[in-house]
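Here is a short tour for anyone who likes to read a fold through its side chains. Have the viewer open and follow along, topic by topic.

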Amino acid sequence: MLGERLAYLRRREGISQKELGKKLNISHYTISSYEKGRSEPNDEIKVRIAQYFNVSLDYLVGLIEKPFPFDREKGVLYLPQSVDPEAQKVLREFFAFWEEQEMKAEEPKEE
C-alpha cells in the first residue's frame, strides 16, 4: 500500500524518483524499491515522505483513504462523513463547552 501511495503522490507532483530521492536525501534506487514493495522505509523516512507530500502517516501507510494534511491545525477534529449534520452540531457544542471549562480551570483564583 505504501509503495502504491508513494508512486501516486510522486506522479501527482510530477517529479521523478531521482528528484524525490534528492529531496528526501535517499537514493532513487531506494525510492524505486519502496514503490515496488521490495522494501519498507523506516519510520523516520515515512515521516519525511509524509511531510514532503503533506499527507498524514495514516494515509501514507493505507490506514485511511482520505489524505488529510500532515501539518493540519492542532485542535481540529475530523469527523467521518457518515456523521449527520445534527450530530456534528451537538459535538461542536460539546467541544466548545469543554474548551470553555478548561479555560476557566486554568484561570488564576482570586484570594
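The points below go through helices, charged pairs and aromatic rings in turn.

This is a predicted model, so local features are discussed only where pLDDT is at least 70. The structure holds 6 salt bridges, and the count of aromatic pairs comes to 4.

**Helix α1**

- The buried residues of α1 are L2, G3, R5, L6, A7, L9 and R10.
- What covers these buried residues? The cover includes α2 (17-24), α3 (28-35), α4 (43-53) and α5 (57-60).
- After α1 comes G14, which has a positive phi, near 75 degrees.

**Helix α3**

- In α3, the buried residues are I31, S32, S33, Y34 and E35.
- Those buried residues pack against α1, α2 and α4.
- S27 caps the N-terminal end of α3, with a side-chain oxygen 2.8 Å from the backbone nitrogen of Y29.
- Just after α3, G37 takes a positive phi of about 75 degrees.

- Side chains of opposite charge can pair when their charged atoms come close.
- Is R5 buried or exposed? R5 has a relative accessibility of 7%, so it counts as buried.
- E65, in contrast, has a relative accessible area of 61% and is therefore exposed.
- R5 also lies over the face of Y59, at 4.1 Å from the ring centre.

- K46 is found in helix α4, and its relative accessibility of 14% falls under the 20% limit, so K46 counts as buried.
- Which residues does K46 touch? Leaving aside residues up to four places away in sequence, K46 touches L2, E40, P41, L57, L60 and V61.
- E40 is exposed, with a relative accessible area of 52%.
- K46 has a salt bridge with D43 as well, where the closest N and O atoms are 3.9 Å apart.
- D43 and K46 are 3 residues apart in helix α4, so about one helical turn separates them.
- D43 has a relative accessible area of 57%, which means that D43 is exposed.
- Through salt bridges that share partners, E40, D43 and K46 are joined into one network.

**Aromatic rings**

- A pair of aromatic rings is described by the distance of the centres and the angle of the planes.
- The count of aromatic pairs is 4, and one of these pairs is formed by Y52 and F53, edge-to-face, with 4.8 Å centre to centre and 85 degrees between the planes.
- Y52 counts as partly exposed at 30% relative accessibility, whereas F53 counts as buried at 5%.
- How do F94 and W98 pair? They form a tilted aromatic pair, 5.8 Å centre to centre, with 45 degrees between the planes.
- F94 and W98 both lie in helix α6, 4 residues apart, which is about one turn of the helix.
- An α-helix has 3.6 residues a turn, so residues three or four places apart point the same way.
- F94 is partly exposed, with a relative accessible area of 43%, and W98 is partly exposed too, with 42%.
- F94, F95 and W98 form one aromatic cluster.

Notes: Residues are numbered from 1 along each chain as its sequence is written. This is a predicted model: local features need pLDDT of at least 70, side-chain atom pairs count only at pLDDT 80 or more; totals for chains, interfaces and linings use all residues. Side-chain values use heavy atoms; hydrogens and water are left out. Buried means under 20% relative accessible area, exposed over 50%, partly exposed in between (1.4 Å probe, protein chains only). Helices (H or I, at least four residues) and strands (E, at least two) are DSSP runs, numbered from the N terminus. Contact means heavy atoms within 4.5 Å. A salt bridge is a side-chain nitrogen of Lys or Arg within 4 Å of a carboxyl oxygen of Asp or Glu. A polar contact is a pair of N or O atoms within 3.5 Å; within protein, one must be able to donate a hydrogen and the other to accept it, and residues adjacent in sequence count only if both atoms are side-chain atoms. Rings of Phe, Tyr and Trp (its six-membered ring) pair if their centres lie within 6.5 Å; planes under 30 degrees apart count as stacked, over 60 as edge-to-face and the rest as tilted. A charge sits over a ring if NZ of Lys or CZ of Arg is within 6 Å of the ring centre and within 35 degrees of the ring normal.
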